[in-house]
Every structure is written in C-alpha cells, then in structure tokens.
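Colleague: Please bring up the model so that we can go through its pockets and metal sites.

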Amino acid sequence: RAKSGGRGVVAFYDLQMDQTVRARRRLEADLRGAIARNELRVVYQPVVDADGRPISYEALLRWRSPDHGDVPPDVFIPIAEDTGVIIAIGEWVLREACRTAAGWSEGLSIAVNVSTVQFRVANLAEQVGLILSETGLAPARLGLEITETALMRDRDDTLEILRRLKAMGVKIIMDDFGTGYSSLSNLQSFPFDKIKIDRSFISAMEADRGAKAIVKAIVGLGRSLDLPVVAEGVETEAQHRIAVQEGCAEAQGYYFGAPGSPPDAVGVEPPRTSDRLS
Ligand code: C2E
Ligand code: MG
Ligand code: MG
Ligand code: MG
C-alpha cells in the first residue's frame with residue numbers, strides 16, 4: 001500500500017513538472033511572434049544628476065501578451081536569451097530607443113540594456129552603427145548597459161566589440177555592479193564609462209552599515225578609475241541624500257520616476273504615465 005502511495009506522489013510531481021515545461025514552451029512560442037504582433041513596447045525611466053535633473057533615460061522592455069498578461073522582463077528576457085529570440089528583440093529595442101531619443105533635446109541621452117547573447121553576434125558594433133546613422137542619434141548620446149555575466153564568456157571577443165563601440169563614441173555602462181561575479185579587475189580591463197550600483201545596496205543602505213560601506217567603496221573605486229557612479233533603485237529622499245553624500249554622481253529610482261512614457265520630443269519633462277501605478 002505504501003508503495004502505491006509513493007508512486008502516486010511521484011506521478012503528481014511528474015504532472016506538475018510537465019505543466020511547468022508546457023507553460024514555458026507556450027511562453028517561448030508566443031515570445032517569438034511578440035514583435036510582429038506589436039506586443040512589445042519600451043518604457044523610459046529617468047536617470048538624474050545630483051540636483052535631481054534628468055540627464056538620461058533607461059529604456060526598459062515591456063511585454064503584454066493576450067494569453068499571459070504582462071510578463072516581467074526578469075521572466076521573458078532569460079527565455080529570449082535561451083531561444084536566441086533576444087537577437088531580434090535586442091535589435092528592435094535599440095532601434096526603437098534610438099529613434100525616440102533622437103527627438104529629445106541634446107542634453108538627454110539614452111541607455112539600452114544589452115544581453116550577453118547579443119555580444120556573441122559578432123556584428124553588434126556594426127548593428128549599433130547602422131541604427132545610429134539610420135536614426136541620426138549622436139553616438140555619445142547612446143549608452144549600452146551590460147552586466148558582469150556578459151564579460152564572463154569569450155572575454156577577448158567581448159573586449160574587441162566593446163572597443164569598437166567605444167571608438168564609435170558610444171558609452172559603456174556596467175549595470176548591477178556589486179552582485180554576481182563581481183571582479184574588480186573587470187572595471188579596469190574593460191572600457192567602461194560609468195558604473196551603476198545594484199539597487200540591493202541602495203535599499204539596504206539606511207539600515208545596514210555594511211551596505212553603506214560597499215556603496216562608499218564602489219564610489220571610491222570609481223573615483224580612482226575616473227568612472228562616475230549611479231545609484232540604482234532610489235526610492236526615498238533619505239536614500240538619495242545618502243547616495244549624494246557618499247559621492248554618487250547620478251541616481252535612478254521610483255523616487256524620481258517609474259518607467260513610463262518618454263519625455264516630450266524637445267523638452268525635458270518627466271514621464272506622464274507610470275507603468276508601476278497602472
Ligand atoms: P536593470 O537593467 O537593472 O533595470 C532596472 C530595473 O529596476 C527595472 O526593472 C526597473 O523598473 C527597476 N527599478 C527602477 N527603479 C526602481 C526602484 O526604485 N525600486 C525597485 N524596486 N525597482 C526599480 P525591469 O524593468 O523589471 O527590468 C528588469 C531587468 O530586465 C533589467 O534590470 C534588465 O536586466 C532586464 N531588461 C529590461 N529591459 C531589457 C532590454 O530591453 N534588454 C535586455 N537585454 N534586458 C532588459
Ligand atoms: Mg539596466
Ligand atoms: Mg540595473
Ligand atoms: Mg538588473
């Protein structure tokens with residue numbers, strides 16, 4: 001009797017696993033057609049200087065599927081990476097973001113997240129160059145945000161691509177610094193222009209002296225390497241005050257504005273709508 005009960009449990013888990021696999025397959029299949037069906041859009045979140053004025057916007061992808069609802073990027077980006085769809089989606093986001101930013105006043109730049117997988121397409125630098133000339137955006141107004149995992153694989157190839165992008169005048173931004181495989185030497189070996197401190201340190205900073213010490217250390221490191229540091233995920237006035245006090249040159253977070261519609265074509269107005277509140 002015990003044996004048959006055991007089998008029942010195993011069968012139950014098998015069924016659940018099967019459902020998880022099926023759900024993922026459906027997401028994969030639907031994501032493939034998402035661009036063509038117009039289900040993707042880009043939202044823009046301000047990055048401000050120490051006085052709280054927007055100087056840049058980060059482009060963030062959104063997917064609204066009729067079958068799956070709003071799927072967060074933390075869920076669909078890894079799937080897009082596994083299936084290779086990120087190549088097409090990544091190009092789409094770049095073009096969309098650059099076209100939008102080309103209409104802004106010249107004091108505003110745009111930052112676009114680039115996946116590890118896009119670096120393995122050898123023509124990323126060429127693709128970016130084409131999109132810049134097509135949209136008329138000045139290269140210095142485009143920043144590409146990459147995480148440290150992107151540097152782990154094919155270091156030489158990645159470095160070569162980053163150098164080509166840098167030579168074109170594009171800015172290279174280290175995203176989510178302090179998490180993952182943080183290797184301080186990465187900051188020196190790769191041609192970064194800016195460091196973004198992961199928001200986990202910013203949210204812990206008030207209560208946790210350790211987190212504040214890490215922020216201080218990253219800012220110090222940035223200073224000696226001549227790299228401005230951005231505080232990510234600033235949600236309160238107190239967090240902004242500490243970030244500025246510790247020497248962060250820029251900040252980004254709900255305190256200044258959630259990701260939303262882009263600023264007006266020739267103005268510097270903050271986004272009018274917010275996808276966080278909707
Ligand atoms: P990320 O590049 O580190 O982007 C910042 C994330 O933090 C965004 O989440 C943003 O909405 C969120 N955020 C901003 N301010 C605050 C705050 O004050 N508090 C909190 N709790 N969160 C805040 P989102 O839009 O869900 O994106 C998640 C991640 O998905 C991004 O992290 C990025 O790694 C990836 N991603 C988003 N769009 C793209 C894209 O177009 N291409 C690629 N390759 N990855 C993308
Ligand atoms: Mg980012
Ligand atoms: Mg980040
Ligand atoms: Mg992140």
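Colleague: Which element gives the largest share of the lining of the largest pocket?

Modeller: Strand β2 does, with 7 residues (strands are DSSP E runs of at least two residues, numbered from the N terminus). This is a predicted model, in which local features need pLDDT of at least 70 and side-chain atom pairs pLDDT 80 or more, while totals for chains, interfaces and linings use all residues. Residues are numbered from 1 along each chain, ligands from 1 and chains from A as written, and side-chain values use heavy atoms, without hydrogens or water.

Colleague: How many residues line that largest pocket, and which lie nearest its centre?

Modeller: The lining has 46 residues, and L60, R62, P73, D74 and N113 lie nearest the centre. (On a 1 Å grid over protein atoms alone, a pocket is an open set of points with protein on both sides within 12 Å along at least five of seven lines; lining residues have an atom within 4 Å of a point.)

Colleague: Turning to the metals, what are the protein donors of the magnesium ion (ligand 2)?

Modeller: They are E58 (OE), N113 (OD1), E145 (OE) and D175 (OD), at 2.0 to 2.3 Å (donors are N, O and S atoms within 2.8 Å of the metal, or 3.2 Å for Na, K and Ca; water is not among the atoms, so sites may look incomplete). E58 lies in strand β2 (residues 54–65) and D175 in strand β6 (residues 171–177), so the pair ties together parts 117 residues apart in sequence.

Colleague: What does D175 bridge?

Modeller: D175 bridges the magnesium ion (ligand 2) and the magnesium ion (ligand 3), which lie 3.8 Å apart. D175 also belongs to the lining of the second largest pocket, where D176 and Y181 are among the other residues.

How values were computed. Helices (H or I, at least four residues) and strands (E, at least two) are DSSP runs, numbered from the N terminus. On a 1 Å grid over the protein atoms alone, a cavity is a set of points where a 1.4 Å probe fits but cannot get out, and a pocket is an open set with protein on both sides within 12 Å along at least five of seven lines; lining residues have an atom within 4 Å of a point.
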